[in-house]
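Please look over the sequence and the structure below before reading on.

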Amino acid sequence: MGRFFDEIPNFLITWLEQQQMFWTATAPLSGTGHVNLSPKCTRGTFHIVNPQKVWYEDMSGSGVETISHLKEPGNGRITVLFHAFEGPPRICRLFGTGTVYEYGTPEYNEFIPKNRLPGSRAVIVIDVHKVGTSCGYAIPFYEFKSHRNQLLQWAQKKESTDNDFLEEYSEPSSKGLYSYWKENNAKSIDGIPGLDSKTFNVAINPFKTGALSYTSDDKSMATSRRTSPLTNLLGTNGILDSKFLTGAVLGVLATSMLVRYV
C-alpha cells in the first residue's frame, strides 16, 4: 500500500497541483522543542519546479515556526503533506530540506517578480529527497466550497496603512504589517530566530502586490452556499424540485383515492 520514490513521479504532479491545501511539518533540533504542523492554502502559492524541487509563497501569520525551524543552523528538515478530500483516496508526503528567502531579498524577488499576494513574507524552497504515498482509506470526504479571503483582506489593510505612512512620514506605521512582523514573527515559541531584522528594515519601500482586490466577505461566501429547507424543496433557482413535485402529486392522488373508497 505504501510506496516510496526518490523524486516526485510524473503521475503525482498534476494531482498535487490540483489540491486546495497542504500541510507542513517541522521541528526544532532540541528534543524538548515544539513540533509544528501548519495548514497551507495552495491557491496559486504552491509550485513544482522539477521532480526534486518545489516552493511555496509563505503568508503572514501569528507565528513563525516553520521559518524558524528551517533557518535553525543544522536543521532545515521539512515534510509537506497532501491528501485527497475528493475522488480516489491518496496521501502524499514530500520529505525535504527547506530554504527561506524572506520578503525584500533578491531571491524572493526572483521567485515572485510580480503578483505578490498581500501578506506574503517569504518564499520557502524545498529540495525533495524522498516522496511517500499511502492509501488514504481513512481520510473522510470533504466538499470544497471556496477559499477564504479574510487573511488577504487583513494583510491588504495593514500594507495600505504602511504605504500611507511611508508616503507621508517616510516610515512604516505602528499598526502596519512591518510592525506586526517585528512583534509576532521575530522568533518561534521556543525562542529560535524567525524573520530577520533586515526584513523589517526594508520598510523604506512600499508594499507591492498584484492588482487584485479581496473584498468578498468570508461569512457571506459561506452562508450563501448553505441551503435552507425551503431551498431544498424549491431548488437553488426557486424552481420546484422534480422529485418533490412528483412525490407531492402522488401523495394527493393517493389521499383522494382513499377518501373516495372509504
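Rings of Phe, Tyr and Trp (its six-membered ring) are taken as a pair if their centres lie within 6.5 Å, and planes under 30 degrees apart count as stacked, over 60 as edge-to-face and the rest as tilted. By this rule the protein holds 13 aromatic pairs. This is a predicted model, in which local features need pLDDT of at least 70 and side-chain atom pairs count only at pLDDT 80 or more, whereas totals for chains, interfaces and linings use all residues. Residues are numbered from 1 along each chain as its sequence is written, and side-chain values use heavy atoms, with hydrogens and water left out.

**Aromatic rings**

- The ring centres of Tyr-103 and Tyr-108 are 5.5 Å apart and the planes stand at 85 degrees, so this pair is edge-to-face; both Tyr-103 and Tyr-108 are buried, where buried means under 20% relative accessible area, exposed over 50% and partly exposed in between (1.4 Å probe, protein chains only).
- Phe-165 and Tyr-169 form a tilted pair, because their ring centres are 5.1 Å apart and their planes are at 50 degrees.
- These two residues, Phe-165 and Tyr-169, both belong to helix α4 (residues 150-169) and are four residues apart, about one turn of the helix; helices (H or I, at least four residues) and strands (E, at least two) are DSSP runs, numbered from the N terminus.
- Phe-165 is partly exposed at a relative accessible area of 32%, and Tyr-169 is partly exposed at 46%.
- One aromatic cluster is made up of Phe-22, Phe-46, Tyr-56 and Phe-82.
- Arg-90 lies over the face of Trp-15, at 5.1 Å from the ring centre, the rule being that NZ of Lys or CZ of Arg is within 6 Å of the ring centre and within 35 degrees of the ring normal.

- Not counting residues up to four places away in sequence, Trp-181 touches residues including Tyr-103, Arg-121, Leu-195 and Phe-207, contact meaning heavy atoms within 4.5 Å.

**Whole protein**

- The secondary structure comes to nine helices and eight strands, and 38% of the 262 residues count as buried.
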